[in-house]
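Visitor: I am new here, and I would like a short tour. Could you show me what we will be talking about?

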Amino acid sequence: MKRFITVKQLDGSEQHYTDADLPLIVGSGPDSHIKLPDADTSAAYIEDAQGHLFIQAGSQIRKPLFHNDHLLSESAWLKSKDQLSSESSVIHYELSGDRILFTVSALIKHSGNPSLSPPQEPPPGLRPEDGVNGIPVDIVSAPPTSGRKKLFFGALGLGFLILGCAVFFVLMARPLEFEITPDPDALSISGFPPAISIGSQYLILPGSYQIAIKKKGYVSYEQDIIIDKSSKTRFTAHLEKLPGILNLSVTPADGVHVYSGNTLIGTTPPMTLEISPGTHQITLSKDRYQAFQIEIIVEGKEAVQNIAATLEPDWADITIGSDPSGAEVVIDNMSVGTTPLSRQFLSDDHEFVLKKELFADSPQSITVQAGVDDILNFRLQLLPGKLSLASAPSGAVVSIDNEYKGTTPVELELPSGIEHDIKLSAPGYKSLKQPLSLSPGEAKKLQLDLEQELGIVYLTTTPAQAVITINGKRFDNTQGRLSLPVAPQKLVVSAPGFQSVSRMITPKFGFSQQISIDLIPEKTSAPPDSKLTRQKIPVATALGQKLLYVEPSPFTMGAPRREPGRRANERERRVIMEKPFYLTEKLVTNLEYRKFKSQHDSGNLGGHSLNGDRQPVVNVTWSDAVSYLNWLSEQDNLQPFYNKKGEDFVAASPPTNGYRLPSEAEWAFGARQAGSTTTQRYPWGGGFPPRSVIANFADESAQSLLPTVIIGYNDTFPVTSPVGSFPPNNGGFYDMGGNASEWCHDYYSAYTSTLSTSSDPLGPSIGTHRVIRGSNWKDASVTEMRLSYRGYHKEARNNVGFRIARYP
């Protein structure tokens, strides 16, 4: 509540005050707000209590002061129209709404002795003849009769006039009814002519009026209304409660923000705040302290409600230590000290970095709970050393402390201050081991040269004077012992008048080989019925994929019962192969498949990509492979071998010479029989495991990717390798064992019957899974690495690809 106080002094000047200036001093002193010249210096004080003014006499009064003509000796409430007077001055007090007026004026005194005479009539109870003090009283003669008549008729006219006005008011007035919530303490209607109250209603003439409504604890309500000539007017009003008073007792006291919901209503000090009536979610917050929350119901009407709260600290004392000590602590790119460091942290997740010379930066994160002090210690790591490792030849597999690190050349970071065991290995070279230690932050370049492994080849030729070249380099025909690197070598033997012979040979470390080559004279022809006359030259697809001609012969599929690793679905059965066929020497690559489906992704594993252009395409279904083969047939103007039937593909009948997947029998012949007089058990000669690197199996380079690897075997490829990276088999086919397994044309069947014979089989006519043959880069056991192992599936896998077959 705020009231405006005006004081009109005796000299005509005006002063203006508000509630904040109370109490007002009444007196003649220089500090007096209301001046009375003939009063004491501080004759009285005017103060407020519970929204009402009262007056109280000063402590030492020598000159009397009167309140409404009563001597002021104790406190008295002030009401509108009250007077406060001294010997020669009077103060008039008027209250109207929020405006207060004090008017000081002088008392009127009469001077001199006026002529005084008693009334002509005798005092009550005396007769004229009695006189006064023995003196007869002269009785004034009564007015004449005509004067009394005039007085009578004047009074009668005035009565009729008043009666007429009353009748007019009753006829013209309109009822005014009030509906006010809650019931007011006071209601007034200002305007002319005045309204007349009749019970709960008022009669009021049409016109403009001002309504004023008051109730303690509520906001005063004023409104102008216009009364028209309608039959009845209802005035409705709802009084709003005055705000409540929130009295805070908070520790700490200063700078506490007070919120109602999300609205800031004040900041301490002051400790007293106005707040609207209703339910409030009060939050007291201060930086570095936990917020205090409470729900209150504010009654309003200037009622005082108390909240007492102690804000708890929102931090904890944290000590950060390091081993070694003296590390710089950096928070938000600013150094805040060195370890050991004690510091207050607010409750939250915090990140910082420990820095020290010769040690690696150590990023740390901690979670701080308010009031939970802690001591933390962090061990710093020495800066790693940097190793730039190269080898001759390049591409050697690098293992450090028995962990695969890639192939040379390679850039490595190694823990400093300790000794590491470095091992390099490459096909055809002796493994090299070397210890190495690096200082903190040291950068070192290291070049290591591997020593070639050599294999012994005994070579004889007919004629003896034939010219020998190996990998394009001419060798003297010693007709004896050759020491060659353990790696695929291209051997060419030629002589004038003879047909040249070209062959890939792979010397083996620790083993010797005997090779004898007899050249055929150019003019010599083979017998008409020999295979030579029927031998077909290789053909190529539109993409340049080379297909080798295969002249089959009867052979036995499956494995004998006593063969180590044999499974029940490998029962032996005799197969009569009558139809010759073509088979690509290599698996279909990612580059070749993306000519058909450009967005194909063969995937990756453990950071190792299977997507290289020369790596075999994998992660394709049987139908994906067949779709590619039909597309490739169209590129070469061949009739597709497969017809689409619903969601599946079926072989055309009769068969066409379009590209297709090899049958299981064709794959088995190419892998185990082609170019050999005996049936091969493994993709290499000899027993299990392989003695030298001959294909891409689960090797030591894949230890971090696979649960089982071949101990001591390292082909340097953790996942698939480029096709043709290893020597072909006797039939000239690459990767028939290792790298990627291969889809076959056939539906899978267990073939659990006894030994049986079939001719050029294409497998069952129906089924749910397709045959998969050949081992792959994930295989390390004797079971999967045998050439007779039979797998099956119907989904794409990252270790299954395919190669191309067709009929001539």
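Guide: Let us start with a term: a cavity is a set of grid points where a 1.4 Å probe fits but cannot get out. Please keep in mind that this is a predicted model.

Visitor: What is the volume of the largest cavity?
Guide: Rolling a probe the size of a water molecule over the atoms shows where empty space is left. In this model, three cavities of 30 Å³ or more turn up. The largest of them has a volume of about 90 Å³.

Visitor: Which residues are the closest to its centre?
Guide: The lining of the largest cavity has 14 residues. By class, seven are charged, four nonpolar and three polar. The closest to the centre are Met557, Gly558, Glu664, Arg773 and Arg790.

Visitor: Which element gives the most to the lining of the second largest cavity?
Guide: This cavity has a volume of about 60 Å³, and its lining divides into eight nonpolar, two polar and one charged residue. Among the lining residues are Ile91, His92 and Tyr93. With three residues, the one that gives the most is β11.

Visitor: Is Ser322 buried or exposed?
Guide: Ser322 lies in strand β27 (residues 315-323). Its side chain has a polar contact of 2.7 Å with that of Thr339, and Ser322 also touches residues including Leu354 and Phe378. Buried means under 20% relative accessible area. Because its relative accessibility is 8%, Ser322 counts as buried.

Visitor: Which residue does a cis peptide bond join to Thr181?
Guide: Most residues other than glycine have a negative phi, and most peptide bonds are trans. A cis bond occurs from Pro269 to Pro270, with omega near 0 degrees. For the cis bond of Thr181, omega is about -15 degrees.

Visitor: Is Asn402 buried or exposed?
Guide: Asn402 has a positive phi of about 65 degrees, although it is not a glycine. Asn402 is found in the loop between β35 (397-400) and β36 (403-407). With a relative accessible area of 71%, Asn402 is exposed.

Visitor: And what about Asp735, buried or exposed?
Guide: Phi of Asp735 is near 60 degrees, again a positive value in a residue other than glycine. Asp735 lies in the loop between α5 and β57 (741-747). At 5% relative accessibility, Asp735 counts as buried.

Conventions:
Residues are numbered from 1 along each chain as its sequence is written. This is a predicted model: local features need pLDDT of at least 70, side-chain atom pairs count only at pLDDT 80 or more; totals for chains, interfaces and linings use all residues. Side-chain values use heavy atoms; hydrogens and water are left out. On a 1 Å grid over the protein atoms alone, a cavity is a set of points where a 1.4 Å probe fits but cannot get out, and a pocket is an open set with protein on both sides within 12 Å along at least five of seven lines; lining residues have an atom within 4 Å of a point. Grid points are joined across faces, edges and corners, and a volume is the space filled by probe spheres set on the points. Ala, Val, Leu, Ile, Met, Phe, Trp, Tyr, Cys and Pro count as nonpolar, Asp, Glu, Lys and Arg as charged, and the others, Gly among them, as polar. Helices (H or I, at least four residues) and strands (E, at least two) are DSSP runs, numbered from the N terminus. Buried means under 20% relative accessible area, exposed over 50%, partly exposed in between (1.4 Å probe, protein chains only). A polar contact is a pair of N or O atoms within 3.5 Å; within protein, one must be able to donate a hydrogen and the other to accept it, and residues adjacent in sequence count only if both atoms are side-chain atoms. Contact means heavy atoms within 4.5 Å. Lists of a residue's contacts leave out its neighbours within four places in sequence.
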